[in-house]
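Me: I have a chain to look at and some questions about it. Can we go through its helices and strands together?

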Amino acid sequence: MTDMTTAPDPVAQAAAYQRSLLAALGDDDPGDAQAETPAKIRAMLDAAGPDLRTRPAPREWSALLCFAHISDAEVVMTGRYRWTLAHDEPELIGYDQDLWVDNLHGDDDDPDAMLRQFEVLRAGNIALWRGASAADRARVSLHRERGPESYELMFRMLGGHDRVHLAQAYRAIEAARASER
């Protein structure tokens, strides 16, 4: 389950959610920030050790499931970026992140396989971003839940999204260790 202590609800509080992700990115270059994420995930996986799959509470996400959500977001954004760049104001459907984690992942997922997929998608998305013109970055899609979003806004938000959910993963690890004491 998502950790609502770090971000507003993406549907019920759409504008606040966008602002929170942008604040997590700050003034950092979104391409550079996203390029750092695979190494940060690898470090989190190493730091988690035996607590990787431990859920802080029954319906909360373990560090592994936080990573699964980051990976799912990359899959979704891979399509959204391309629809936005290729079509005129395409409609983008939302997705229920909890359903994706609950129905597509489990506590026994292989983090190495997930990381390999994530790295390939992330590299492709960063290359797409770096090759985009100012006009490309200004292209807009219509998100069913949040309204108009430019390619640039979506890309910047994902940089913050990585940081929010990596922090959540570390909180899950700390909660697991605290419960062992």
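Me: At what angle do helix H3 and helix H4 pack?
Reply: Helix H3 covers residues 63–86 and helix H4 covers residues 97–104. Helices (H or I, at least four residues) and strands (E, at least two) are DSSP runs, numbered from the N terminus. Axes are lines fitted to C-alpha atoms, for helices over the stretch in contact, and angles run from 0 to 180 degrees between N-to-C directions. The axes of H3 and H4 lie 10 Å apart, at an angle of about 110°.

Me: What sort of model is this, and how are residues numbered?
Reply: The model is predicted: local features need pLDDT of at least 70, side-chain atom pairs count only at pLDDT 80 or more, and totals for chains, interfaces and linings use all residues. Side-chain values use heavy atoms, without hydrogens and water, and residues are numbered along each chain as its sequence is written, from 1.

Me: Is Gln 18 buried or exposed?
Reply: Gln 18 sits in helix H1, residues 14–25. Buried means under 20% relative accessible area, exposed over 50%, and partly exposed in between (1.4 Å probe, protein chains only). Gln 18 has 14% relative accessibility, so it counts as buried.

Me: In which sense do strands S2 and S3 pair?
Reply: Two strands pair if DSSP finds at least two bridges between them. S2 (residues 140–143) and S3 (residues 147–150) have four bridges. A hairpin of three residues joins S2 to S3. The sense of the pairing is antiparallel.
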